[in-house]
Amino acid sequence: MAGSPEAAEEAEQGPEPSAGGTVRRGKRAAPRAAAPQAAKLSRAELYKPPTSEELNQLKETEDLFHSSLLRLQIEELLKEVTLKETKKKKIDAFLHEINSLLSAIPETPETELTDQAWLSKDVKVPFLQVPFNVKGRFHFVPPAELKVVGSYLLGTCIRPEINVDIAVTMPREIFQDKDNLNQRYHRKRALYLSHIAQHLSKEKLFGSVKFAYMNSNHLKPILLLRPQGKDEKMVTVRLHACPDSGLFKPSRFYPSKNNIRTAWFMEQSTPKEGTTEPPTPHYNNSILCDTVMLSHLHFLSNAATDFPGMKDGLALLKVWLNQRQLSKGLGCFSGFLVSMLVAYLLMKRKIVKMMSGYQVLRSTLQFLATTDLSVTGISLAKDADPSLPALDDFHQAFEVVFVDPSGLVNLCADMTASKYHQVQFEAKRSMEILDDRMVDGFQVLLMTPKPMLKTFDHVFHLKHVSKLQGTCKKMQLLNELMDRGGNYVAVALPFVVSLLARGLSRRAQLVAHSLPQIPEWPIDAEPPKHKDVGPVTFGLLFVPEFAASTLEKGPQADHPEALEFRTFWGEKSELRRFQDGSICEAVVWEASTVYQKRLISEQIVRHLLKLHADIPESSICYAGALLDSVISTGKEEQGTGEEAMVSVVCSYDDLSRKLWSLKELPLTVTAVQGVHPALRYTDVFPPIPMKPIYSFHTKSKHLLLPSEEKPCPAYITPLKIICHMEGSGQWPQDKGAIKRIKAAFHLQLAELLQQQHQLVCRPAVTYTDVYKDGYVFRLQVAYHREPLILKEVVTPEGMLKYQDTEESQQLELETLHLPYLTSSLHGLQQQHPVFGSTSRLAKRWISAQLLSDSISEECVDLLVAFLFLHPAPFTPPSSPQVGFLRFLNLLATFDWKNNPLIVNLNTGLTDSDCTEIKNKFVAARSRLPVMFLATPKDQCSSMWTRERPSAQILQRLVLLASESLRALEEQLMDPLSEQDVKMVFRPPLDIYDVLIHLNPNQIPRHLESVDRPAKSVSRGVVKNSSAMNILFPVVDYDPVQLYLQELRDAFDDLALFFYDKHGGEVIAVLWKPSSFQPQPFKVSNMKGRKVTTLNNELVCIPNVEAILEDFEILGEGLVKNVEARMEKWTI
């Protein structure tokens, strides 16, 4: 094969020696191989000074990598993705066989291009021949030469997809004079490949022979060959037909020249008088690409000689591009393009041949981050030949410009400016990550995939791509259609994206689109049409400050730009007077709630696409906020409860001011701290102001009690507040006495609030409930020395010592840690407005999976906070939905067993603190909780996960999260199937042994269920926040929770109970496997068991019938029926 000299040369050199003292290491290792005992090294060997190469390596590790670990990770990754020698030999043998087969294909007689009867019926020409009629003649002659080109020879191809490119040179005699015109060359190329396909498909050598479009470009079909049998996945050989060098005059293909005649394309018999033909730069570029394949190979192999770092650097860059979905499709940033870019940087001396792979990666990302090729293009052409087109000529014809060494081909011809800006954005973000010592750069940059759904805040799909034909008409893009061979998707996409980018310029920092991709197809099938690319997806990345603004302010009415603003926004634009007295054009979007404001971008997208691109609203599937409905609050105007949350916090602020200013208290209040989730914006369903209807309750003195005849009253949640009193010598030192003093304070607080502020209060021993603005606040007095006094223990010797007790830890948690956590997360909500909603979605999902009792609310809040504080490689979420998807991803992919999750609240941890936490964690792993969360105030005990989740629950959570994520991604990325996204909020009940069905009338939060009940019961309250003198409502009364508590107290040793506290109608029961083992008969363990004989011995086994009966008796009036699934368990 003509390409083999280089392959042979490479094989002689053998694999590149990896940087570092490999030779010396080999010497030391040699004796070990010979004999099992450890090698004795002489003193001189042991203390031998390091070689210059080793010194270099140490210096590089210190300067470049944050740690030697990063270096090792990168070396491992490179081993993983490079091609093994054994595979190379197999591939070479396969290539030699292809070579001999191709030269033996017979010629065909000459026919007109349009007469394709000579082709067998089993092969369809892989080209959309529209219009069909074209002049020219064709006959097949075996290839003039075959050359392996591309990454395989350079040694830069990476697994898992090994592609070997072969340039099949078509002989000169099959071409005529004017083959550069009207797609004649492209059609000959397609016929040439069809004839090859027809012959190769009969050979036993190949597992499959298929067609594909090169980078999904309709003008460039290629032939894919794969070996037979189990090696089919090993390699794909791609045959590219290309012309003999010197066949065409390059000057015919300058970007300003025309090679497609309008009359031919529009199928008119004669060209119109006096029309000038438009330039066809993309068409010209596609022919030129074929003529320079071999020269590109030589150019790259010169760059790669004596430069082992280039291979490694390219492998890393390709992995980086693959993880970001940038390397496949029409206008992608392909591996070939990135190789040319590295060669350019080498030519400009931004990279030198001494560099390692990691340095090549950094230098390339740095260049991409700081250079905008859509504004200032670059060229590989060395000497400026005045006859060649200038960079400006390329800029007029193409959006992104990178010219090859011949000075003729734009390597980025198909790329949109938007796609390049995405690459640039990713490169900037990656450089920030590499420079951040707190982030594991390797894991984040090279091992984390970034699909559009998790990367962008809002995603929407253009369902029916065929609508873009109307866009081309509306925008008058006929010349571009001729240039692109009728591919209306490729023509309209850049215009549509720039339209959206202009409309969202303040709101979105990035408007990106998916790359149109067309899968390969069998040779006997018709080639895919333009509409077969499937839906096109767009992603928006918001600027959080402006994303939700309702106003688009334009220029002043008398300025010339005002007309342009009016034509851009259409009838939405109107004149408005602003406070500064100016009269300007402006667009105001309708949105009253936070939820609607988040969706203003949807209004803009739909409006602009309809107005300027003729795309109807029905063709747009906007998947930005489909999940928000799960946390929306009932039937009021569309909102997700953010407003309710704000009014709770306002009421709380007012109450705390009143507490501070109370007169006549013996000690002053030093601090008031909220601990309820609603006060940190993460309560799934925020409390709504309520006033009880007396007729629904039983009255007793100053209180209301639930009535037996009526449905259970609506659930009123007490909002817990910790009230710190000042220290004083008057406080007693005895724990019993402290409790009494606190009880006295609770009574006095109630009395004073009633006298001074006319608030209705209900004191109790351990708290005081205050009814204010329709909410109930639960005040709990705290004294800062009480936890210390609870820790006092007197030893038998009479010594006083301090040690943690259950009681002291609980009190510290309630009065110190929880208020601190609440205020930290309240602060986080101010920085990231969607933190609360994301956390609420996460908790709603956990509750829907019946696991809310198995994991604490604080733990979920911290997991969600992690996504905002450490978002790398993403940006912090700006929509609840993307935050929720990343939450599921974190649960499913984090290595809980081997790593602590460090949540750096208020950036209270330094780099060294994190290292220390990790080291302590590894040392004490077996004694620590299965899910370990470290925060600045809680570095080594993980207090929020100490009790729960258990290992089994965590395992179940991880499984549910990965399944939910998979299902959601499928639904949200497939706009054509109408699926219900609430599916992941409906738990699978088939794994449970017993289901206890409840009576909806007695479920106070029935309206919160995922699927809202069709008719709801009146619950005896009205929404009202102004009532003052009322009887105190029923607080914190949820019959289901009380029933659950009784079940757990009674049957804890036999079963686990699961329930969705937000309106679930089922309690699911799982028997504990251990409880079904027969136990020896003892009077003490007879609870819930019956006696039976087994092998002539008396044993106890669970009395299941009686237990199921107990379930019903305990829940009389609440339980509808108990469904036992006998087939699932046996005794």
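Start by selecting residues 453-613: the end C-alpha atoms of this span lie 25 Å apart, and 37% of it is helix and 22% strand. Helices (H or I, at least four residues) and strands (E, at least two) are DSSP runs, numbered from the N terminus.

You are looking at a predicted model, where local features need pLDDT of at least 70, side-chain atom pairs count only at pLDDT 80 or more, and totals for chains, interfaces and linings use all residues. Residues are numbered from 1 along each chain as its sequence is written, and side-chain values use heavy atoms, leaving out hydrogens and water.

Now colour by pLDDT, the predictor's confidence in each residue, from 0 to 100. The protein averages 86, with 93% of the residues scoring at least 70. Residues 1-36 have a pLDDT below 50. Where pLDDT is low, the predicted coordinates should not be read in detail.

Next, pick helix α30, residues 857-869. At 1.5 Å a residue its 13 residues should span 18 Å, which agrees with end C-alpha atoms 18 Å apart; the expected span is 1.5 Å times one less than the number of residues. Eleven of the 13 are buried, meaning under 20% relative accessible area (1.4 Å probe, protein chains only). Show Cys-859, Phe-866 and Phe-868, which are among them. Around the buried residues of α30, display their packing partners, including α28 (806-831) and α31 (880-893).

Finish at the open sheet of three strands, ordered β34-β36-β35 with antiparallel pairing. Two strands pair if DSSP finds at least two bridges between them. The edges are β34 (1079-1080) and β35 (1089-1094). Six bridges join β35 to β36 (residues 1097-1102); click Lys-1090 and its bridge partner in β36, Ile-1101.

How values were computed: Contact = heavy atoms within 4.5 Å. Buried < 20%, exposed > 50% of the residue type's maximum accessible area, 1.4 Å probe, protein only.
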